[in-house]
Amino acid sequence: MSSFLIGVLYLAITLIIYFANKRLYRRWRALPFMPLVLTPILLVLMLVLGHISYQNYMGETQWLLWLLGPSSIAFAVPVYDNMAIIKRHWMSLSAGVLTATVVAVTSSIWLSRLFTLSDEIQRSMAVRSVTTPFALAAAKQLGGQPDLVALFVVVTGVFGMAVGDMLFLHLSIREGVAKGAGFGAASHGAGTARSYELGQQEGVVASLVMMLSGVVMVLVAPLVAWLMF
């Protein structure tokens, strides 16, 4: 089979699994059935059982990763449509974004050093709390490994989305803006998707905070590299 046909086959299987998973999740809204959880597991099983190398798979489906950029920018549309919410809370949101970025970076590096992880892992973990396109751009300046960065970002997003509701309940946080900001800052795309399930206000705030956190991370990455590495 030619390389082109193999690429089309990989792409078709990936899309079929994803859309089938979305349909399944609409019927049973449980964490194990979420597309961000189940689809990667099924794809990994496909690669292992089919004896397909990760490099070959990524080489043929690379443009799907590229689409993360435009899809992240698309979150700006609902933000623009709800500017009144942003104007009302701009000061607290700005402070939250800066605080979340500092805490995420320092805690990631501190924990990786505590467990004596390699320098490459430390640099890759430092950007785990922002969405993938921004994380990859920031990691390039820090010297992180793209594959590790993508893995840490996905794990962080899914974990934050999974425990977010329980954490808000435990801390008695009921305000929609606070929930959206928390999900957007800590769980980026996965958290933003969960925020839209909670409500329009939560989703809009999460979208804004996710994008701002990504921009801030890219801007401060050279400073982080200089101060901590």
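The second largest pocket of this predicted model has a volume of about 690 Å³. A pocket here is an open set of points on a 1 Å grid over the protein atoms alone, with protein on both sides within 12 Å along at least five of seven lines, and lining residues have an atom within 4 Å of a point. Grid points are joined across faces, edges and corners, and a volume is the space filled by probe spheres set on the points. Of the 34 lining residues, Leu-167, Gly-182, Ala-185, Ala-186 and Ser-187 are the closest to the centre of this pocket. Two or more lining residues come from each of α7, α10 and α11, and α7 gives the most, with 11. By class, the lining has 22 nonpolar, 11 polar and 1 charged residues; Ala, Val, Leu, Ile, Met, Phe, Trp, Tyr, Cys and Pro count as nonpolar, Asp, Glu, Lys and Arg as charged, and the others, Gly among them, as polar.

Residues are numbered from 1 along each chain as its sequence is written. Local features need pLDDT of at least 70, side-chain atom pairs count only at pLDDT 80 or more, totals for chains, interfaces and linings use all residues, and side-chain values use heavy atoms, with hydrogens and water left out.

I turn to two of the helices that line this pocket, α10 and α11. Helix α10 (residues 146-170) and helix α11 (residues 176-198) pack at about 80°, with their axes 9 Å apart; axes are lines fitted to C-alpha atoms, for helices over the stretch in contact, and angles run from 0 to 180 degrees between N-to-C directions. The two helices are therefore roughly perpendicular, a term for angles of 65 to 115 degrees. The contact residues divide into 9 nonpolar, 7 polar and 3 charged.

The largest cavity holds about 60 Å³. Its lining includes Ala-100, Arg-128, Ala-185 and Met-217, and α7 gives the most, with 4 residues.

Finally, the whole chain. The protein chain has 12 helices and 0 strands, which are DSSP runs numbered from the N terminus (helices H or I, at least four residues; strands E, at least two). The C-alpha atoms fill a box of roughly 60 × 45 × 30 Å along the principal axes.

Conventions: Parallel < 35°, antiparallel > 145°, perpendicular 65-115°, else oblique. 1 Å grid on protein atoms, 1.4 Å probe; cavity = no way out; pocket = protein on both sides within 12 Å on 5 of 7 lines; lining within 4 Å.
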